Amino acid sequence: MMMKIRKWACSVSSIVLILNGSAAFAQDCASLASDVGTRIADLKKKADTAPDDVESDYASATSKDYANKLFSRFEDLNKKAIQASQLINQGYNLAGYTSPFKEGQQQTKIPPVVTNTMSNAEALAQAAADDDNTKLDILSLRCSQSTEQTALSAYLAQADAGTVSSYEAAKYNICKVVHILADLQDKRQKLNDIRENGYPLFYLHEKEKKSYDGHSRTIQLKVDLRLYPVYPEHEDQDILLGKLEKIRLSYNSYFKWSDNNWTKLNVLQKLVDDQNDEKEVCWGSIKITSSVKADICSQVYNISTDSLKIKVRAKFKYSGDTHAVSLGTVTVPAPFGYLSDLSDMKEKKMQDLQAKVVDRIASLFGAYGDVIEKAQSWQKSCS
């Protein structure tokens with residue numbers, strides 16, 4: 001009888017130990033799960049301010065108006081984006097649009113618009129981080145994927161809706177900043193496409209016969225007009241702020257008087273400066289021969305972010321008479337606002353801005369790493 005009582009007592013003790021162990025296990029798992037949730041809340045708090053912080057960085061480097069337009073455009077493009085993987089941005093494909101023109105050529109259309117997906121943005125942002133010698137693994141954020149790292153994915157599968165929503169919102173805002181960094185990098189790379197030869201607008205030629213003191217003479221003008229992001233060292237290097245009024249269009253002009261050889265202006269001259277008063281501006285006089293001088297005159301009007309209308313002519317002075325030969329009024333389509341952004345990339349302030357955005361993302365990696373670490377601890381013990 002005593003033996004049976006002992007066996008029964010041992011069985012009861014075993015059950016109690018199992019129940020106590022299960023309770024402790026459940027308590028530990030609840031604590032680990034709570035740790036993951038806390039880290040997600042911390043990540044969201046930091047991520048919530050990241051886009052606004054980067055916009056402020058832009059405003060400091062350029063202007064408040066410029067920053068607002070850039071970020072508003074990004075938001076407009078992503079009105080329908082629900083997940084971070086759906087975020088996009090846009091630029092232009094300049095391939096085939098940057099080679100110098102032959103005589104008689106002019107731009108007739110805008111380059112094709114290119115959509116940069118989140119996957120494109122990851123690669124560009126990684127290149128920016130590498131350029132900045134920052135050891136960031138942008139791909140670890142999984143911005144272009146709807147699935148998460150294994151442990152985190154398992155945790156989110158059993159987490160409450162509020163925690164899942166918090167994580168998704170944090171990821172969305174971090175990946176927005178990744179896209180903004182990618183846009184900076186993309187423009188810096190595009191700058192190299194137009195750094196050497198500029199962005200050609202037209203290379204046109206015109207000639208006319210005119211009477212000077214009863215003698216007929218042929219006068220000719222050729223103009224090679226381009227947008228240049230980099231100018232001779234003696235030129236001012238102002239930040240352009242993406243405003244068309246501050247784009248500097250440069251040209252080489254060539255004059256020909258009668259049977260004389262072509263005379264070339266061997267300097268790049270400003271054609272558009274900070275003014276837009278639609279008045280003709282003339283530079284000269286350039287000595288063609290001992291008795292002939294020429295002025296080159298330009299008038300720019302109807303400026304927009306994707307086209308401008310321009311008139312260029314040369315006035316030849318000889319024997320008391322002045323006559324002009326004109327290229328007429330030429331309408332040139334080009335993404336001037338975008339090209340202005342590319343030109344900005346040569347400025348130290350814009351390079352510093354990119355480094356600052358890289359640092360912003362790096363500062364979020366610590367909080368993101370904490371989430372992953374806690375999720376792995378939870379999965380190891382409780383899954």
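**Exercise 1. The disulfide of Cys282 and Cys297**

At 0% relative accessibility, Cys297 counts as buried. The structure is a predicted model. Starting from this residue, determine which cysteine is joined to Cys297 by a disulfide, and where the two partners lie.

*Solution.* 

Step 1. The partner of Cys297 is Cys282, with an S to S distance of 2.0 Å.

Step 2. Cys282 is found in strand β9 (residues 281-287), while Cys297 belongs to strand β10 (residues 292-301). The pair links distant parts of the chain, 15 residues apart.

Step 3. The torsion about the S-S bond is 110°, and the link of Cys282 and Cys297 is right-handed.

Step 4. Buried means under 20% relative accessible area, and exposed means over 50%. Cys282 has a relative accessible area of 34%, so this residue is partly exposed. Cys297, at 0%, is buried.

**Exercise 2. The other disulfides**

State how many disulfides a search of the whole structure finds. Then describe the link of Cys143 and Cys175 and that of Cys29 and Cys382.

*Solution.* 

Step 1. Cys143 is joined to Cys175, with 2.0 Å from S to S. This pair links distant parts of the chain: Cys143 sits in the loop between α3 and α4, and Cys175 in helix α5 (residues 161-195), 32 residues apart.

Step 2. The S-S torsion of Cys143 and Cys175 is about -85°, so this disulfide is left-handed.

Step 3. Cys143 counts as buried because its relative accessibility is 0%. Cys175 counts as buried because its value is 1%.

Step 4. Cys29 and Cys382 form a disulfide with their sulfur atoms 2.2 Å apart. Cys29 lies in helix α1 (residues 2-61) and Cys382 in helix α7, so the pair ties together parts that are 353 residues apart in sequence.

Step 5. The torsion about the S-S bond of Cys29 and Cys382 is about -110°, so the disulfide is left-handed. Cys29 has 12% relative accessibility and therefore counts as buried.

Step 6. When the bonded cysteines of the chain are numbered in sequence order, the pairing reads 1-6, 2-3, 4-5.

**Exercise 3. The form of helix α7**

Compare the span of helix α7 with the expected span, and state where α7 bends.

*Solution.* 

Step 1. Helix α7 (residues 348-382) has 35 residues.

Step 2. From its first C-alpha to its last, α7 reaches 51 Å, close to the 51 Å expected at 1.5 Å a residue.

Step 3. A bend of about 25° in α7 is located at Gly366.

**Exercise 4. The surroundings of Gln149**

Is Gln149 buried or exposed? Which residues does Gln149 touch, not counting those up to four places away in sequence?

*Solution.* 

Step 1. Gln149 has its place in the loop between α3 (118-131) and α4 (150-158).

Step 2. Gln149 counts as buried because its relative accessibility is 18%, and the cut-off for buried is under 20%.

Step 3. Beyond its neighbours up to four places away in sequence, Gln149 touches Arg142, Ile372 and Gln376.

Step 4. A polar atom of the side chain of Gln149 lies 3.1 Å from the backbone nitrogen of Ala151.

Definitions and conventions:
Residues numbered from 1 in each chain as written. Predicted model: local features only at pLDDT ≥ 70, side-chain atom pairs only at ≥ 80, totals over all residues. Heavy atoms only, no water. Helix = DSSP H or I, 4+ residues; strand = E, 2+ residues; numbered from the N terminus. Buried < 20%, exposed > 50% of the residue type's maximum accessible area, 1.4 Å probe, protein only. Polar contact = N/O pair within 3.5 Å; in protein donor to acceptor, adjacent residues only side chain to side chain. Contact = heavy atoms within 4.5 Å. Expected span 1.5 Å × (residues − 1). Bend = angle between axes of the 7 residues up to and from the residue. Disulfide = S-S within 2.5 Å.
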